[in-house]
Amino acid sequence: IFVGIGPGIHKCCYSNPNIAKKFAEDRRWQPHISRNNLGIEYIDILDFNIKQLLDAKIKPDHIAIAAECTYCSKDKDKNPIFYSHYRSNDKGRNKIVLL
């Protein structure tokens, strides 16, 4: 089995106190919630998903992960590359950008 994980919001940008609090109640999520020096909690959805795949005995070299964060990845003109639900309240779709 080979698994590909496409672009998604990464820990660098995903901070939501209400969601972090709810996730922290589930012990499976506790290792994937971190707090910075200012006390802001960040949720690492990518790491959580990777752990589930590894727990399901998927070989690490059979997991391909897109490096881009849908929230903060920008093109050469500093425009967002991806639509981000977290960044906007509007509904939208991701566009394909060839780099």
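Guide: We'll take the aromatic pairs, then a helix. This is a predicted model: local features need pLDDT of at least 70, side-chain atom pairs count only at pLDDT 80 or more, and totals for chains, interfaces and linings use all residues. Residues are numbered from 1 along each chain as its sequence is written, and side-chain values use heavy atoms, without hydrogens and water.

Visitor: How many aromatic pairs turn up in the whole structure?

Guide: Two. Rings of Phe, Tyr and Trp (its six-membered ring) pair if their centres lie within 6.5 Å; planes under 30 degrees apart count as stacked, over 60 as edge-to-face, the rest as tilted. F23 and W29 are stacked, because their centres are 4.2 Å apart and their planes at 25°.

Visitor: And what about W29 and F48?

Guide: Stacked, with 3.8 Å between centres and 10° between planes. W29 sits in the loop between α1 (17-24) and β2 (33-35) and F48 in helix α2, so the pair ties together parts 19 residues apart in sequence. F23, W29 and F48 form one aromatic cluster.

Visitor: Switching to α2. Which residues are buried there?

Guide: L46, F48, I50 and L53, in residues 45-55. Helices (H or I, at least four residues) and strands (E, at least two) are DSSP runs, numbered from the N terminus. The cover over those buried residues includes β1 (3-5) and β4 (63-65).

Visitor: What follows α2?

Guide: K57, with a positive phi near 70°.

Notes. Buried means under 20% relative accessible area, exposed over 50%, partly exposed in between (1.4 Å probe, protein chains only). Contact means heavy atoms within 4.5 Å.
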